[in-house]
Amino acid sequence: MAQKNPASNQLVPAEVIERRILLVRGRKAMLDSHLADLYEVPTFRLNEAVKRNRRRFPEDFMFQLTGEEAEFLTSQIAISKPSRGGRRTLPYVFTEQGVAMLATVLNSERAIAVNIAIMRTFVRLRQILATHKQLAERLAALEKKYDQHFKVVFDILKQLMEPPPDSPKRPLGFVPPRRN
């Protein structure tokens, strides 16, 4: 009997999870409200479960955003404003280890399945970044090895690896505002 592709029967597509992984304080992380949506529980229930198990979530697993960071995210990814009946507390952010620890706190079948999908997405993103870095290192090694005859080829390859300068793209994830 043929085995099914595990990606085809996932509860949450990897692309949905990837869009919700943000760069916060230099770390890949996910907002409590995004995780609650994926787990299909209210955000306050997710945070309640975390607070009952606070010892499992040190600062490198989970932290609360500052008012300035929350304000920036409100304008960037449409977190509801407190003045409109939205959140009354600052959002919590979970790093990869914090998301893994959530599996020990949330014990529903959906939470377990979604957690597995999130962990696979984090691993896949790490592999993509590592592959790109390895490719750049190999190209640099080849460039040193061969003489000037191939310089033009290496210059073109470098240009192809860089994003086009004409189309500036919005950065992915959380980018804190610049301080003057």
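Reader: Let's begin with strand β4. Which way do its residues point, and are they buried or exposed?
Author: This is a predicted model, to be clear. In β4, residues 92-95, Tyr92 and Phe94 point one way. Val93 and Thr95 point the other way. All of them are buried.

Reader: OK. Which residue of β4 is the bridge partner of Leu31?
Author: Val93 is the partner of Leu31. The strands β2 (residues 27-31) and β4 are joined by 3 bridges and run antiparallel.

Reader: And how many bridges between β3 and β4?
Author: β3, residues 62-64, pairs with β4 over 3 bridges, in the antiparallel sense. Met62 has Phe94 as its bridge partner. Phe63 stands opposite Val93.

Reader: So what's the strand order in the sheet?
Author: The order is β1-β2-β4-β3. The 4 strands make an open sheet with antiparallel pairing. At the edges stand β1 (22-24) and β3. Each has a single partner strand, so one side of each has no neighbour in the sheet.

Reader: How much does it twist from one strand to the next?
Author: The twist averages 45°.

Reader: What packs on the sheet?
Author: Helix α2 does, touching β2 and β4. The direction of α2 makes about 60° with that of β2. Helix α3 lies across β3 and β4, and runs at about 65° to β4.

Reader: Tell me more about α2. How many of its residues are buried?
Author: 7 of the 8 residues in α2 (residues 32-39) are buried, so the helix is largely enclosed by the rest of the structure. The buried ones are Asp32, Ser33, His34, Leu35, Ala36, Leu38 and Tyr39.

Reader: What follows α2?
Author: Glu40 does, and its phi is positive, near 60°.

Reader: At what angle do α2 and α3 pack?
Author: About 105°, with the axes 8 Å apart. α3 covers residues 43-52. The two helices are therefore roughly perpendicular to each other.

Reader: Which residues make that contact?
Author: From α2, they are Asp32, Ser33, Leu35, Ala36 and Tyr39. From α3, they are Thr43, Leu46 and Asn47. The contact residues divide into 4 nonpolar, 3 polar and 1 charged.

Reader: New topic. Thr121: where does it lie?
Author: Thr121 is in helix α6, residues 109-145.

Reader: Is Thr121 buried or exposed?
Author: Buried. Its relative accessible area is 2%, and the cut-off for buried is under 20%.

Reader: What is Thr121 in contact with?
Author: Setting aside neighbours within four places in sequence, Thr121 is in contact with Ala14, Ile17, Glu18 and Ile21. There's also Pro13, 108 residues away along the chain. The C-alpha atoms of Thr121 and Pro13 are separated by 9.4 Å.

Reader: Zooming out, how many helices and strands are there?
Author: The protein chain has 7 helices and 4 strands. From the N terminus they run α-β-β-α-α-β-α-β-α-α-α.

Reader: Last one. What share of contacts comes from residues 24 or more positions apart?
Author: 72% of the contacts with a separation of 6 or more.

Definitions and conventions:
Residues numbered from 1 in each chain as written. Predicted model: local features only at pLDDT ≥ 70, side-chain atom pairs only at ≥ 80, totals over all residues. Heavy atoms only, no water. Buried < 20%, exposed > 50% of the residue type's maximum accessible area, 1.4 Å probe, protein only. Pairing = 2+ DSSP bridges. Contact = heavy atoms within 4.5 Å. Axes fitted to C-alpha atoms, helices over the stretch in contact; angles between N-to-C directions. Parallel < 35°, antiparallel > 145°, perpendicular 65-115°, else oblique. Nonpolar A, V, L, I, M, F, W, Y, C, P; charged D, E, K, R; others polar.
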